[in-house]
Amino acid sequence: MLDADFFRRWLIACAALVDRDAARLTELDSAIGDADHGSNLQRGFTAVAAALEKEPPPTPGAVLTLAGRLLISTVGGASGPLYGTLLRRTGKTLGDAAEVTPARLAEALRAGVTAVAELGGARPGDKTMLDALEPAVEALGSADAPFAAAREAAERGALATVPMRARKGRASYLGERSIGHQDPGAASSALIVGALAEVAAG
Ligand code: ADP
Ligand code: MG
Ligand code: MG
């Protein structure tokens, strides 16, 4: 069973991985965007980690909704509302349970990813974070070793954005010239799913 502390550790691990890879994320965004994805997420997850270290909420749902709210209020840029919505919708779906099963988390994340698709109007293949998130939640719901499988699926999904032409977000302004670069949001989604696998492995 996954309790509030598990979710707190997941988000703190996200902050650490985003810190570690901020320069790489910003470099990816400099090729097909405006060179701020690493700093955007660093600001957001730093605020999340600080809040969770100060006063951890009592349930998984409350941890996720607080984190989502903070991402929306601190990240300037498309990724803030999108990741914020992912975490808020996932948290709301978990309700006020004190502990959740991995299967329940997979279901709630599925609802969160659907909310991201609704908010941004993107589908898999559009070269966005969804290209990593969709296969990750799919793997999380089905595999024997769900967390490790989700991490692998997210990493594969992020790499698969390289040959895609962007149809949503800033990168879409480049048209054909977006081809040949990895989408920064797909890369950060792989980090976030990777953090989940890391924390689940203990
Ligand atoms: P901004 O583009 O406002 O500077 P960021 O650089 O922080 O914001 O985030 C860019 C990432 O957000 C993209 O790489 C992409 O993965 C994601 N993104 C942008 N627009 C959408 C959308 N409509 N749907 C899903 N993801 C999107
Ligand atoms: Mg950007
Ligand atoms: Mg920007």
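The model is a predicted one, in which local features need pLDDT of at least 70, side-chain atom pairs count only at pLDDT 80 or more, and totals for chains, interfaces and linings use all residues. Residues are numbered from 1 along each chain as its sequence is written, while chains are lettered from A and ligands numbered from 1 in the order in which they are written.

Helices (H or I, at least four residues) and strands (E, at least two) are DSSP runs, numbered from the N terminus. Ala, Val, Leu, Ile, Met, Phe, Trp, Tyr, Cys and Pro count as nonpolar, Asp, Glu, Lys and Arg as charged, and the others, Gly among them, as polar.

## Annotated domain

An unreviewed UniProt entry carries the annotation "domain: DhaL" for residues 5-198; such annotations may be inferred rather than shown by experiment. Over residues 5-198 the chain is 71% helix and 1% strand, with the end C-alpha atoms 14 Å apart.

## Packing of α4 with α5

Helix α5 (residues 102-120) packs with α4 at an angle of about 140°, their axes being 8 Å apart. Axes are lines fitted to C-alpha atoms, for helices over the stretch in contact, and angles run from 0 to 180 degrees between N-to-C directions. The α4 helix is therefore oblique to α5 (under 35 degrees counts as roughly parallel, over 145 as roughly antiparallel, 65 to 115 as roughly perpendicular and the rest as oblique).

On the α4 side the contact includes P81, L82, T85 and L86, and on the α5 side R104, A108, L109 and G120 are among the residues involved; contact requires C-beta atoms, placed from the backbone, within 7 Å. This contact of α4 with α5 has 12 nonpolar, five polar and two charged residues.

## Packing of α2 with α3

The angle between α2 and helix α3 (residues 60-74) is about 140°, and their axes lie 9 Å apart. That angle makes α2 oblique to α3. The contact is formed by R43, G44, A47, V48, A51 and L52 of α2 with V63, L66, A67, L70, L71 and T74 of α3. Nine of these residues are nonpolar, two polar and one charged.

Methods
Two residues are in contact if their C-beta atoms, placed from the backbone, lie within 7 Å.
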